2 protein chains.
Amino acid sequence: MSKAEFSPPRGTRDFYPEDLRLRSWLFDRFREVARRFGFEEVDAPVVEHAELFQRKAGEEIVEQLYHFHLHDRHLALRPELTPSLARMVIARQGALRLPLRWFAIPQCWRYERATRGRRREHYQWNMDVWGEPDVTAEAELIAALFGATDALGLAAGDVKLRLSHRGLLEGVVRRVDPREEVFQPICVVLDKLEKIGAEAVVEQLSGATGGIRLPRAAAEDLVAGLSARGLAEAARLAGPGSPALGDLERLLGLLDAYGLAARVGFDASVVRGLAYYTGIVFEARDAGGKLRALAGGGRYDRLLESLGGRPLAAVGFGFGDAVILELLAEKKRLPELPRRLDAVVYPFGDAERADAIHLAETLRARGESVELVLGTLKPKRALADADHAGAVRIYLVGPDERTRGVAKVRELATGREHDEPLPAAAS
Amino acid sequence: MSKAEFSPPRGTRDFYPEDLRLRSWLFDRFREVARRFGFEEVDAPVVEHAELFQRKAGEEIVEQLYHFHLHDRHLALRPELTPSLARMVIARQGALRLPLRWFAIPQCWRYERATRGRRREHYQWNMDVWGEPDVTAEAELIAALFGATDALGLAAGDVKLRLSHRGLLEGVVRRVDPREEVFQPICVVLDKLEKIGAEAVVEQLSGATGGIRLPRAAAEDLVAGLSARGLAEAARLAGPGSPALGDLERLLGLLDAYGLAARVGFDASVVRGLAYYTGIVFEARDAGGKLRALAGGGRYDRLLESLGGRPLAAVGFGFGDAVILELLAEKKRLPELPRRLDAVVYPFGDAERADAIHLAETLRARGESVELVLGTLKPKRALADADHAGAVRIYLVGPDERTRGVAKVRELATGREHDEPLPAAAS
């Protein structure tokens with residue numbers, strides 16, 4: 001193997017113990033919030049049939065599919081979990097009691113040129129409600145999202161959630177172009193506004209390539225409409241009697257009841273890049289606006305139909321593991337997570353080994369985390385190792401202790417020592 | 001999508017909530033035992049450079065590699081974790097304090113014809129010690145392995161561990177064929193004894209194909225030698241002064257100190273199918289011998305060198321998630337794992353929604369798992385759903401309760417009811 005091969009494949013990560021502790025800390029908080037909200041954990045294979053993820057709207061997530069052919073199958077590493085969940089719901093549709101509250105923490109993959117320093121895999125906390133058309137589902141999900149940022153130690157003002165409604169956008173688009181098939185591709189282009197700028201978006205909407213070909217003035221109007229903020233401007237954009245506006249008003253009212261009014265607001269520029277959203281869409285970002293989105297989601301009431309299932313309302317969000325760690329680092333909220341070890345048991349030599357084994361096993365049976373010194377070490381080295389491992393205590397079992405039927409226990413923080421009787425042999 | 005596509009790809013699994021609860025129960029026990037033994041959790045990418053896994057010995061694990069070409073890279077879904085761990089150790093060799101006690105629960109993949117009903121992915125609990133040449137490391141690992149079968153509720157007699165030593169086998173092989181390059185391929189063939197029978201093994205060792213070409217009589221002697229059981233026969237096989245025999249004797253003595261003497265024994269037929277083992281090899285099986293191996297492992301002191309690192313002693317085992325669940329099912333030790341939900345909060349209508357939200361959020365802040373009824377449900381349906389979800393209590397918030405500033409609390413097991421004051425709004 002060449003030296004370069006000692007690295008993981010480009011865009012992927014190894015998790016050494018300290019990395020894994022941070023990952024577990026994050027996932028434990030996601031799981032704890034999901035549990036409090038009554039969500040059940042699920043999972044699906046990291047490899048799926050590529051066809052499950054392929055759609056026609058030109059989404060970045062599909063263009064970057066990590067796919068390959070193997071033994072006549074066209075397979076892909078999942079870029080997102082939602083289509084797999086949809087497949088699982090369809091497979092048991094009729095037998096599952098609705099609404100489902102499901103969560104997962106899948107690893108997802110995308111094949112992106114790694115030049116931007118972005119990774120090709122990430123973990124994403126997914127929370128979805130299946131079978132509930134009412135925006136009370138969106139409200140619960142958004143409350144859980146903030147439940148997580150709170151549980152991770154962020155202040156209430158650190159994260160803002162902006163929301164909009166695909167139905168509102170659809171109304172605006174329909175007025176300039178009634179073709180049904182262009183709406184999803186238009187959403188995918190509008191979502192790039194922040195990344196590529198207004199001029200490039202207008203170009204993609206009106207240009208000869210890409211198949212949308214809006215009149216240039218209509219494209220400019222559409223982009224201008226995305227600057228609407230707050231419910232009053234939403235109402236102007238929506239026109240009278242818009243069901244989308246009704247959803248937005250009702251959702252903001254519910255979020256007020258959760259005590260979240262100050263953290264959320266209408267923002268027409270929130271479109272989200274997935275083609276399949278049909279209703280409310282939202283994204284959470286750092287209040288400073290310096291980082292990419294922490295989390296994003298929305299309602300996708302027609303996904304099951306599009307995959308061949310019976311119609312079923314659904315809404316959910318994904319919350320990645322990358323940007324939240326950047327934000328926690330910036331806010332100095334990353335936890336100290338030292339290794340935890342209750343005790344080291346150190347036999348001076350082979351003659352003390354059996355007694356040390358009995359002692360280690362006795363402590364473990366009590367639930368303690370115990371490192372037994374392997375092989376033969378000098379006392380100085382054993383003490384330095386125990387210190388380095390962050391052990392609370394070291395049990396020294398030397399010839400003298402063995403004769404007296406005890407272990408010498410040293411508390412590593414204080415250096416204080418006392419004797420404890422050695423246990424009898426395990427049965 | 002065709003109806004067949006609602007299944008996960010052949011040989012892979014979906015985890016619905018009840019499946020995920022069982023998986024978490026199993027993994028939690030693996031993690032708890034690893035913690036008690038002072039092991040630290042690590043992880044590596046599920047996709048690696050294919051070259052990391054490719055060896056020349058004809059192992060099944062390499063033949064079944066799930067590999068593919070993508071953008072000029074030759075990648076593979078990991079069939080095992082050990083080479084990734086070796087890569088991680090090499091990348092930081094010199095900076096890591098030895099010995100390392102690392103564990104992981106990776107999902108591993110192999111592309112096997114699924115006709116035998118075997119899966120193409122499984123999870124495997126890996127426990128490895130890096131940097132300790134002494135068999136005290138093997139003893140700790142084997143004690144942890146039994147720690148897990150105990151923690152999973154199996155009886156002491158349910159699982160037996162058989163062990164042997166590649167060095168002992170190597171001595172026997174060298175006497176009939178001194179060529180260094182044939183030893184690993186011979187091990188790979190000998191490992192198939194149980195699966196394909198003695199005659200087929202002799203054929204593969206002595207036949208024209210496969211490149212080993214032992215004299216037929218030597219091949220037969222070798223296979224006959226695998227029937228040795230117990231230390232006395234090991235000594236006969238090893239010849240005087242064998243270091244391998246010394247390791248075996250010392251390890252069995254240590255396991256006696258752990259109270260495991262009745263569960264372990266020498267068995268020359270244990271070879272293990274991985275080419276890279278160099279010392280002690282072992283496998284754990286159900287005592288009835290009906291199932292495949294539950295776990296297997298051994299010492300691989302030359303793997304780091306072979307990958308380009310500096311020499312480093314290492315030993316470890318893998319413990320899969322499939323056979324243990326079969327054994328637990330057979331022994332009727334699979335746990336009942338119902339969904340756990342503390343409470344359902346049920347607002348009768350929109351007028352009670354805000355109060356219900358405050359109540360749900362108050363209970364959640366206390367750590368309770370709370371499902372808030374979404375949308376508008378009839379009381380009968382809300383009660384049936386709460387029952388079905390296994391909730392302990394349901395909080396009924398109707399117009400009458402709201403007027404009185406209370407929720408009616410019904411304990412679902414007994415039907416007993418009492419009132420509790422509604423909390424004030426969230427700040």
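**Close-up views of a predicted two-chain model**

Over all chains, the count comes to 96 salt bridges. The model shown in these views is predicted.

View 1. The size of an interface is often given as the accessible area lost when the parts come together. Here chain A and chain B bury about 8,200 Å² between them, and 57% of that area is on carbon and sulfur atoms. In chain A, the residues that lose the most area to chain B are Tyr16(A), Arg97(A) and Leu374(A); together they account for 9% of what that side buries. The contact draws 92 residues from chain A and 92 residues from chain B.

**View 2. A salt bridge between the two chains.** Between chain A and chain B the count is 18 salt bridges. In this view, Arg364(B) is paired with Glu140(A) in a salt bridge. The closest N and O atoms of Arg364(B) and Glu140(A) are 2.7 Å apart.

**View 3. Helices α4 and α11 of chain A.** Two packed helices are described by the angle between their axes and the distance between the axes. Helix α4 of chain A spans residues 136–151, and helix α11 of chain A spans residues 243–257. These two helices pack at an angle of about 45 degrees, with their axes 9 Å apart. The helices α4(A) and α11(A) are therefore oblique to each other, and α4(A) passes α11(A) in a right-handed crossing. From α4(A), the residues Thr136(A), Glu138(A), Ala139(A) and Ile142(A) meet Arg250(A), Leu251(A), Leu254(A) and Leu255(A) of α11(A). By class, this contact has five nonpolar, one polar and two charged residues.

View 4. Glu220(A) and Arg216(A) form a salt bridge, in which the closest N and O atoms are 3.4 Å apart. Both residues belong to helix α9 of chain A, residues 216–225. Because they are four residues apart in this helix, Glu220(A) and Arg216(A) are separated by about one helical turn.

**View 5. Backbone features in the loops.** In chain A, a cis peptide bond joins Leu98(A) and Pro99(A), with omega about -5 degrees. Pro99(A) is found in the loop between α3 (82–91) and β5 (100–104) of chain A. In chain B, Leu98(B) and Pro99(B) are likewise joined by a cis peptide bond, for which omega is about -5 degrees. Pro99(B) lies in the loop between α3 (82–91) and β5 (100–104) of chain B. A further backbone feature is seen at Arg213(A), which has a positive phi of about 50 degrees although it is not a glycine. The loop that holds Arg213(A) runs between α8 (198–206) and α9 of chain A.

**View 6. Helices α5 and α10 of chain B.** Helix α5 of chain B covers residues 166–176, and helix α10 of chain B covers residues 230–238. Their axes come within 9 Å and cross at roughly 35 degrees. The crossing in which α5(B) passes α10(B) is left-handed. Leu168(B), Val172(B) and Arg175(B) of α5(B) meet Ala234(B), Leu237(B) and Ala238(B) of α10(B). By class, the contact of α5(B) with α10(B) has five nonpolar, no polar and one charged residues.

**View 7. Helices α5 and α6 of chain B.** Helix α5(B) also packs with helix α6 of chain B, residues 183–190, at an angle of about 110 degrees and with the axes 11 Å apart. The helices α5(B) and α6(B) are therefore roughly perpendicular to each other. On the side of α5(B), the contact is made by Arg166(B), Leu169(B), Glu170(B), Val173(B) and Arg174(B). On the side of α6(B), the contact is made by Phe183(B), Ile186(B), Cys187(B) and Leu190(B). By class, the contact of α5(B) with α6(B) has six nonpolar, no polar and three charged residues.

Key
Residues numbered from 1 in each chain as written. Chains lettered and ligands numbered in written order. Predicted model: local features only at pLDDT ≥ 70, side-chain atom pairs only at ≥ 80, totals over all residues. Heavy atoms only, no water. Axes fitted to C-alpha atoms, helices over the stretch in contact; angles between N-to-C directions. Parallel < 35°, antiparallel > 145°, perpendicular 65-115°, else oblique. Left-handed = near helix turned anticlockwise from the far one by under 90°. Contact = heavy atoms within 4.5 Å. Nonpolar A, V, L, I, M, F, W, Y, C, P; charged D, E, K, R; others polar. Buried area = accessible area lost by both parts, 1.4 Å probe. Salt bridge = Lys/Arg side-chain N within 4 Å of Asp/Glu carboxyl O.
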